[in-house]
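Me: I would like to learn how to read the packing of helices and strands in a model. Could we go through it feature by feature?

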Amino acid sequence: MNGFDVIQILFVFFVLILLSPILGAFFNKSLNGKATLFSSIARPFEKLVYRASGIDENEEMNWKQYLKAVLSFNGVGFLFVFFVLLFQKSFPLNPAGLPNLSWHLAFNTAVSFMTNTNWQSYAGESTMSHFSQMVALAGQNFFSAATGIGVLLVLIRAFKNNQSQKLGNFWVDLNRSVVYILLPLSLVWAILLSSQGVLQNLSGPVTVKTLEGKEQIISQGPVASQMAIKQLGTNGGGFFNTNSAHPYENPTPLSNFLELLALLLIPAALTLTFGYMLNKPKEGWILFSAMMIILVLGLSASLWSEYHANSLTANLIPMEGKEVRFGVTNSILWSTFTTAASNGSVNAMHSSLTPIAGGIALLNILFGEIIFGGVGSGLYGMLLYVVLTVFIAGLMVGRTPEYLGKKIEAFDIKMAIIGILTPSFVILFATTYSLVTPSIMSSLMHKGPHGFSEIFYAFSSAAGNNGSAFAGLNANTPILNSLLGVAMAIGRFGVILPVMALAGNISKKKIMPESVGTFKTDNFLFVFLLIAVILIVGALTFFPALSLGPIIEQIMFIQGKTF
Amino acid sequence: MKLIRQSLMIFVVLTVMVCGVYPMAVMGISKILFPYQAQGEMISYKGNLVGSELIAQEFTSDKYFWGRPSAAGYNASASSGSNYSLTNTDFQKAVKERKDKGLDFDLLTTSGSGLDPHMSPQAAFLQVKRVAMARGLSEEVVTSLVTKNIEQRQLGFLGEERVNVLKLNLALENAVHE
C-alpha cells in the first residue's frame, strides 16, 4: 500500500460520513411529507401517481394491511418480470435477437430482482434484451429498494407510536421513496456516470475490425440509467456478465468512486433518518457507528491479506480477476462494501481474491446483511439485533429490557430470533443438501475448499439477498435456479414477515417514561454490546462452515499448496 | 380486489416513470452532453472502426504492445473473468506459462472483465525492446511513446497509473507512418 491507497480510502469514508446526515435529514422530511426545496418539483409527480392509480394518500394501514399491500405489489412485480423474460422474443428492443429464457432461469431472475438480491444465473449481454433490462429488471431495482424503505418505516413508526395501530400507507411510502429519493439520485448518478463513459444507447452490437484485422463484436445498451439505480438501490445486478468490472459499466477511477459511494449512501443515510424520525438523532449515530466499526474491521483484514504477496499471487500484488485502472485497493474497498451493503455488484472477481479477502466478503453476508445492508432491509435487520442485544443486556443486569421506551417482551424476542435465524437456517441447510446432491456438485468449478466456498457462498448470497458470487459455479441449471430462487424468497420474506409482526406488537405498546433504571442505548457501551452480539451470533452459527472453506484455503495458501 | 387493482395501477404508473421516462431522459441528456461516451467511445483509424477505447482487443504480433490475457478470449459480447482461485493448480500453470514467455507484472494475470483495456506502465516498458526491434524503431522513440501514453491517476489521486493498450498501439502506428 502506498499514500494514494490511504488517501483513496479516507476520501470515500469522508464523503460518505459527510453526506449521510445531510441525506438522512432530507429523507426524513421527504418520506414524512414535509416541505423541502426539492418537494416543489417532486410533489406534483407524487400527486399524479396517486390520482392515476386511485390511491387515497391519507388512508392509514395497520401492520397486516400494510403487509398485504407489500406482498401484493411484489407479486405483481414478480409475475411481470417472469412473463417478460419467458416471452422476451415477442417484445421490442431486442436488436441482438436474443431468445426467450428457460422457465427456471426466468423464475430465478424474477425472484432475484423482486427480492433486491440480483443474483444472476445468466450473462447479461448474451441473455437479456434491452427491453428486459430496461423495463423488467430496472423497474424491480427501484421497487425492491422502495419496498425495503417501506418496511423499515413501519418498524420506525412502531417505536414512535404510543398505543396505536396506524403504521402508515405502503403506497405513499413506495411512491415517496421512488419520487423523492431513488429517482432523483439515480438521475444525477446516471448523468455523472455517462460523462465517464458508461454507455447509454439502444443500439445493437457493433462490429469492428481490430488493428490486427480480427472481427470483434461489442455489445451496447442502456447501461448508465441502470447502473445508477443498481448501485444506489443496493441491487447489484449488472448489465454485463462481469458487472462493474466491465469497462462499459465502470470505465474510470472516478466512475468507480461514484459507484462505490452509491453502494453505501442510502443505507448509511437511513440509519440517521431513523434517529431524526424519532427525534433522537443520537440513536441513529449509535447504529451508524456500530455498522461502521464492523465494516472497517473487515476492510482492514481484507487489505492486510491482499497486500501480503506470496508465491501463489503471481505478482507482487494479486491482480487475477482485477482491473488495472482500479488496482487492489479499489477492488477490496468494493468487495467489502458490496457484501456489507447487500448490493452484490462486483468490480473484481470474488472467486480470485486471496482466501481471507474472499472469506470476509462471505462473512459480511453471513452477518445477515446488516452492516449498512440493503436499502431499508439493512436497518430493519439491524434493529432485530438491537432487540436481541437489549434483551441480553436486560438479562445480565436483571431488568425488564426496553428500547426507545418500549418494553421488549417474549413475542418480540421470538420475532427477532426468527428474523435473524431464518436466513441462516436456509444457508446451512441448502449448502448441506447440495453437498450430497451430485447434480449440484457437478456445477462446481473448483475442487477442495474453494469448491465448498462456491456453493456455500451461493446460498449465503441468495438467502442474504446479496447477489454476488464465487462465479466459477455454473448456477444456470434447473435444480440450482429453483433452489436459489426459493432461498432468495425465504431470505427476503422470512425476515419481512417477523419484522412486520414485531412492528405490529411494538406499536400497540405504551411508551414508558425514562427512569434511572432505564438501560441506555445511546452510548458506546451499547455499541460495544451490539457488535459483540453480532459477532458472536455470526461466528457461532457459521464458524464450522467457514473453517471448511476460506479458513482451510488460507492455510493452504500460506503453505503455497494448490489443488 | 381493491388491493390488487391498486397494486396493478401503481405498478403501471411507476413503471412508465422509472422504466420509460427516466432512461429516455438519461439517453437524451447524455446524447447531447456526452455523445462520444454514450455511444461506447468507438475509435476510427483510416476511416474504419477499429475498436472501442474502453474495450480490450487481442494483440499477438510482435509489432504491437500486448495487453493483459483475457479469460473471455477478448469477446466483447461475452465478458468473463477466469474465476480461478489463487490455489488452483491450473491457474498456477497458466501463470508459469506466461512467465516462461517473458511476461511479467499484470500481464501474468487475466482481468475481471476479460476486457481490461489497460496495462500498468511497467508492463508497457517491459515490451519496448520487442516492439522497437519488430518496427525497426529506436528504443528511445518507443519508450517516449509509452511515457506520453501513461494516464495519470484521475483528479490526481483516484485509481492507478495505466496505459491504454489500443491508444498506445495507434500512437505507434502513427509514429511509423510519419
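Me: What is the handedness of the crossing of α10(A) and α12(A)?

Reply: Two packed helices are described by the angle between their axes and the distance between the axes. This is a predicted model. The crossing of α10(A) and α12(A) is left-handed. Helix α10 of chain A covers residues 281–306 and helix α12 of chain A covers residues 355–366; they pack at an angle of about 160°, with axes 8 Å apart. Angles over 145 degrees count as roughly antiparallel, so α10(A) is roughly antiparallel to α12(A).

Me: Which residues make the contact of α10(A) and α12(A)?

Reply: From α10(A) come G298(A), A301(A), S302(A), S305(A) and E306(A). From α12(A) come I356(A), A357(A), I360(A), L363(A) and N364(A). By class, this contact of α10(A) with α12(A) has five nonpolar, four polar and one charged residues.

Me: At what angle do α3(A) and α17(A) cross, and within what distance do their axes come?

Reply: The axes of helix α3 (residues 63–86) and helix α17 (residues 478–508), both of chain A, cross at roughly 155° and come within 9 Å. That angle makes α3(A) roughly antiparallel to α17(A). The crossing in which α3(A) passes α17(A) is right-handed. On α3(A) the contact is made by W63(A), Y66(A), L67(A) and V70(A), and on α17(A) by I496(A), M500(A), A503(A) and G504(A). Seven of the residues in the contact of α3(A) with α17(A) are nonpolar, one is polar and none is charged.

Me: Now chain B. Which domains does the assignment give for chain B?

Reply: The domain assignment of chain B gives domain 1 (2–36) and domain 2 (43–177). Taken over C-alpha atoms, the centres of domain 1 and domain 2 of chain B are separated by 39 Å.

Me: In which sense do β1(B) and β2(B) pair, parallel or antiparallel?

Reply: Strand β1 (residues 42–45) of chain B pairs with β2(B) in the antiparallel sense, over four bridges. Y45(B) stands opposite N48(B) in β2(B). The hairpin of β1(B) and β2(B) has two residues between the strands, and K46(B) there takes a positive phi near 55°.

Me: What is the order of the strands in the open sheet of chain B?

Reply: The open sheet has three strands in the order β3-β5-β4 (chain B), and the pairing is antiparallel. β3 and β4 (150–151) of chain B stand at the edges with a single partner strand each, so one side of each is left without a neighbour in the sheet. Two bridges join β3(B) to β5 (residues 162–164) of chain B, and M119(B) stands opposite V163(B) in β5(B). Helix α7 (residues 165–177) of chain B packs on the sheet and touches β3 and β5 of chain B. The direction of α7(B) makes about 60° with that of β5(B).

Me: How is the size of an interface given, and how many residues does each chain bring to the contact here?

Reply: The size of an interface is often given as the accessible area lost when the parts come together. Here the account is in residues: the contact takes 82 residues from chain B and 98 residues from chain A. On the side of chain B that touches chain A, the elements that each supply at least two residues are α1 (2–33), α2 (35–38), β2 (48–52), α3 (89–100) and β3 (118–119) of chain B. The largest share of that side, 20 residues, comes from α1(B). By class, the side of chain B that touches chain A has 40 nonpolar, 35 polar and seven charged residues.

Methods: Residues are numbered from 1 along each chain as its sequence is written. Chains are lettered from A and ligands numbered from 1 in the order in which they are written. This is a predicted model: local features need pLDDT of at least 70, side-chain atom pairs count only at pLDDT 80 or more; totals for chains, interfaces and linings use all residues. Two residues are in contact if their C-beta atoms, placed from the backbone, lie within 7 Å. Ala, Val, Leu, Ile, Met, Phe, Trp, Tyr, Cys and Pro count as nonpolar, Asp, Glu, Lys and Arg as charged, and the others, Gly among them, as polar. Axes are lines fitted to C-alpha atoms, for helices over the stretch in contact, and angles run from 0 to 180 degrees between N-to-C directions. Angles under 35 degrees count as roughly parallel, over 145 as roughly antiparallel, 65 to 115 as roughly perpendicular and the rest as oblique. A crossing is left-handed if the near helix is turned anticlockwise from the far one by less than a right angle, and right-handed if clockwise. Domain bounds come from an automatic or database domain assignment. Two strands pair if DSSP finds at least two bridges between them.
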